[in-house]
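Subject: Structure for you to look through

Dear colleague,

Here is the structure I promised to pass on, and I would be glad if you read these notes with the model open beside you.

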Amino acid sequence: LNKQQKTAVDNTKGPLLVVAGAGTGKTTVIVQKINRLLDEGVAPAAILAVTFTEKAASEMLDRVLDSRAGLQPEIAITTFNGFGESLLREFSSHLGIGRNFKLLSEQAQIVFVRERIDLFNLDYFLPLTNVPDAILEDILKLFSLAKQHIVSPEDFIKYAEHLPGSDEPQQLEKRQYLELANAYKTYLQLCQQENVIDYDDQIYLVIQLLRSRPNIQKILQERFHTIFIDEFQDTNPMQSCLMDMLVGIDQNIVAVGDGDQSIYGFRGATLSNILSFKDRYPAAKEVALTENFRSSQAILDSAYKLIQHNNPNRLETTLNINKHLTGQKPGTAPQLKRFDQRGEELEWLAQDVARRIEAGEAPGSIAVLARSRQTARAVH
């Protein structure tokens, strides 16, 4: 471990924010912190680490197990949704749902609503007898957004009822939102009656459980000694809220992320979670990992110069920390080429690749990145 990583690993008490720049070994820090806790006598089952993908969770768990011969996989290293679903199955009776509930896919959600469309009283949105799936898909996306921002049907209805309605445009707007709010309430009721949940319910319903059953919240707060949140910059309000509700009296929560690497805005992720971490945990310490093991200094300098255009809404300015990464080698500065037409760009690209191969570069050492598959096929 370098000095910054060691500082992060050594802080095993209280809240900690690890601002981990790209390629700075954040997973190494999480794995070594878990090892440190285990060395200090913390039970494996008292450690929770959540991330976004099954692949990332599996790799993290493998690295922990590889570093500790004979340790059984009792540590909860999982995805947000996988963890939420496990809690739903454990405490389902407290929510009034069966433990054998079924998870609906996005397509199954559309079918579920379409088959019960008469129960939703959708007059504004569905005046036609033939229900277009595209409209249902848009409505379900709104329900998903409401859950991600932890909006209850009651709050949604109250908001719609207080909208102004003094003229016809305002009346139509109010009618629209009232219809959606009541449809949202109907959807949740039908899901409970049919013992089905959707993707967002894996977390949303757990939050409702903990809010309505503080005894269950206390059980879980006492169960977990330390909570790790990977890729914290990509959490949505619902995911961040659940983790906050599980933090015990010692506030042993470790948030690892980097606002400059947020990619899940289209899924409801909000940078406010990581930007406001210190507001929610005033005693939190922060450690910035800035030693990059992946790229040359020339690339890191170019990236740093570019990301400055996001100021002042960055952790570097919010927390007054240095996030300028340092690399292992100087490297060559990136070149920027501009073309008036795509054909000119493709022609130059083909000639440049050919030139490099003729000069002795291995074809497998050359990569071309494109924004779309269509462009990649054109390049090929």
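Which residue caps the N-terminal end of α12? The cap is Asn 236, which has a side-chain oxygen 3.1 Å from the backbone nitrogen of Met 238; a polar contact here is a pair of N or O atoms within 3.5 Å, where, within protein, one must be able to donate a hydrogen and the other to accept it, and where residues adjacent in sequence count only if both atoms are side-chain atoms.

Before going further, please keep in mind that this is a predicted model, in which local features need pLDDT of at least 70 and side-chain atom pairs count only at pLDDT 80 or more, while totals for chains, interfaces and linings use all residues. Residues are numbered from 1 along each chain as its sequence is written, and side-chain values use heavy atoms, with hydrogens and water left out.

Helix α12 covers residues 237-246; helices (H or I, at least four residues) and strands (E, at least two) are DSSP runs, numbered from the N terminus. Of the 10 residues in α12, 9 are buried, where buried means under 20% relative accessible area, exposed means over 50%, and partly exposed lies in between (1.4 Å probe, protein chains only). Among the buried residues of the helix are Pro 237, Cys 241, Met 243 and Met 245.

Gln 217 counts as buried because its relative accessibility is 19%. Leaving aside its neighbours within four places in sequence, Gln 217 is in contact (heavy atoms within 4.5 Å) with Leu 210 and Met 245.

The nonpolar cores

A nonpolar core is a set of buried Ala, Val, Leu, Ile, Met, Phe, Trp, Tyr and Cys residues joined through side-chain atoms within 4.5 Å. The largest one has 69 residues, of which Phe 83, Tyr 187, Leu 242, Met 243 and Leu 246 touch the most other members. Helix α9 (residues 168-194) gives this core its largest share, 8 residues. When neighbours within four places in sequence are left aside, Met 243 is in contact with Val 50, Phe 80, Phe 83, Ile 227 and Ile 229. There is also a second, separate core of 26 residues, which includes Val 18, Ala 20, Ala 57 and Leu 61.

Aromatic rings

Rings of Phe, Tyr and Trp (its six-membered ring) pair if their centres lie within 6.5 Å, and planes under 30 degrees apart count as stacked, over 60 as edge-to-face and the rest as tilted. The structure holds 10 aromatic pairs. One of them joins Phe 83 and Phe 224, and this pair is edge-to-face because the planes stand at 65°, with the centres 5.8 Å apart. Phe 83 lies in helix α4 (residues 80-90) and Phe 224 in the loop between α11 (214-223) and β6 (226-229), so that the pair links distant parts of the chain, 141 residues apart. Phe 83 is buried at 4% relative accessibility, and Phe 224 is buried at 6%. Phe 277 and Tyr 281 form a tilted pair, 5.0 Å centre to centre and with 40° between the planes. Elsewhere, Phe 112, Phe 143, Phe 156, Tyr 184 and Tyr 187 form one aromatic cluster.

Salt bridges

Side chains of opposite charge can pair when their charged atoms come close. A salt bridge is counted when a side-chain nitrogen of Lys or Arg is within 4 Å of a carboxyl oxygen of Asp or Glu, and a search of the whole structure finds 24 of them. One joins Arg 36 and Asp 10 at 2.9 Å, N to O; because Arg 36 lies in helix α2 (residues 26-39) and Asp 10 in helix α1 (residues 3-10), the pair ties together parts that are 26 residues apart in sequence. Another joins Glu 231 and Lys 26 at 3.4 Å, N to O, and because Glu 231 lies in the loop between β6 and α12 while Lys 26 lies in helix α2, this pair ties together parts that are 205 residues apart in sequence. Glu 231 is partly exposed at 22%, whereas Lys 26 counts as buried at 18%. Finally, Asp 258, Asp 260, Arg 314, Glu 316 and Lys 323 are linked in a network of salt bridges.

With best wishes
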